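Here is a friendly walk through one protein model, with an eye on its charged pairs and its packing. Have the coordinates open as you read.

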Amino acid sequence: MSRRDYMNTLVQEPPLDYSFRSIHIIPDLVSEDPRPGLRPLRHSKSGKSLTQSLWLNNNVLNDLEHFNEVVSQLLAYPQNLAWIDLSFNDLTSIDPVLTTFCNLSVIYLHGNSIHRLSEVNKLAVLPRLRSLTLHGNPMEEEKGYRWSSLWAAQRR
């Protein structure tokens, strides 16, 4: 199977879904079971998930400390992470660790506690970013929020 075919296969895999698990810290993902989906998750021989999507929405995360290490434990190909849902958590900033995943094309950050609009600038280095959600954060009240949202939309 070619790399391109393999990447397309991964995109079609269901997400690794840890939503609504009351997770407080990233290392808790290792001991938590993901939510079952309509289709079963496929795994590598080492037991890691063969997906490009990680859903961590509706938890109580306030930082992404140890994110790289934990994602490497969960995903067979962490460098291929393309979609992360961090919506409805308690994040106050956009952690630079997200910029280390160059294949991210979808990042959901709506419904968090991000105050500074300048946080969005960190994501400008992601070449494949096409969808970014930020609504429901205190930054909505900051002057220029609509322009910044337009910048994110133009990257799609």
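## Charged pairs and core packing

At 26% relative accessibility, Arg21 counts as partly exposed. Bear in mind that this is a predicted model. Which residue does Arg21 pair with in a salt bridge? The partner is Glu32, and the closest N and O atoms of the two are 3.8 Å apart. Both Arg21 and Glu32 lie in the loop between strand 1 and strand 2, so their pairing ties together parts that are 11 residues apart in sequence. Glu32 is partly exposed as well, with a relative accessibility of 28%.

A salt bridge also joins the side chains of Arg35 and Asp17, with an N to O distance of 3.8 Å. Arg35 sits in the loop between strand 1 and strand 2 while Asp17 belongs to strand 1, so the bridge connects parts 18 residues apart in sequence. Arg35 is partly exposed, at 32% relative accessible area, whereas Asp17 is buried, at 11%.

Next comes Arg42, which forms a salt bridge with Glu13, their closest N and O atoms being 2.9 Å apart. Arg42 lies in the loop between strand 1 (16–17) and strand 2 (53–55), and Glu13 in the loop between helix 1 (3–11) and strand 1, so this pair links parts that are 29 residues apart in sequence. Arg42 is partly exposed at 40% relative accessibility; Glu13, at 10%, is buried.

| Salt bridge | Closest N to O distance |
|---|---|
| Arg42 and Glu13 | 2.9 Å |
| Arg21 and Glu32 | 3.8 Å |

Now for the nonpolar side of the picture. Which residues of helix 2 are buried? In this helix, residues 67–74, they are Phe67, Val70, Val71 and Leu74. These four cover an arc of only 100 degrees around the axis, which puts them on the same side of helix 2. The buried residues of helix 2 pack against strand 1, strand 2 and strand 3 (83–85).

The largest nonpolar core has 35 residues, and those with the most contacts inside it are Leu56 and Phe67. Helix 2 gives the most to this core, with four residues. Leaving out residues up to four places away in sequence, Leu56 touches Phe67 as well as others, including Tyr18, Ile26, Leu29, Leu61 and Ile84. Asp85 and Asn89 are also among the residues that Leu56 touches.

Ser53 is placed in strand 2. Is Ser53 buried or exposed? Its relative accessible area is 8%, under the 20% cut-off, so Ser53 counts as buried. Apart from neighbours within four places in sequence, Ser53 is in contact with Pro15, Leu16, Leu81 and Trp83.

His24 lies in the loop between strand 1 and strand 2 and is partly exposed, at 49% relative accessibility. His24 and Val60 are 36 residues apart in sequence, yet their C-alpha atoms are 5.0 Å apart in space. Not counting residues up to four places away in sequence, His24 touches Val60, Leu61 and Asn62.

Methods: Residues are numbered from 1 along each chain as its sequence is written. This is a predicted model: local features need pLDDT of at least 70, side-chain atom pairs count only at pLDDT 80 or more; totals for chains, interfaces and linings use all residues. Side-chain values use heavy atoms; hydrogens and water are left out. A salt bridge is a side-chain nitrogen of Lys or Arg within 4 Å of a carboxyl oxygen of Asp or Glu. Helices (H or I, at least four residues) and strands (E, at least two) are DSSP runs, numbered from the N terminus. Buried means under 20% relative accessible area, exposed over 50%, partly exposed in between (1.4 Å probe, protein chains only). The arc is that of the directions from the helix axis to the C-beta atoms. Contact means heavy atoms within 4.5 Å. A nonpolar core is a set of buried Ala, Val, Leu, Ile, Met, Phe, Trp, Tyr and Cys residues joined through side-chain atoms within 4.5 Å.
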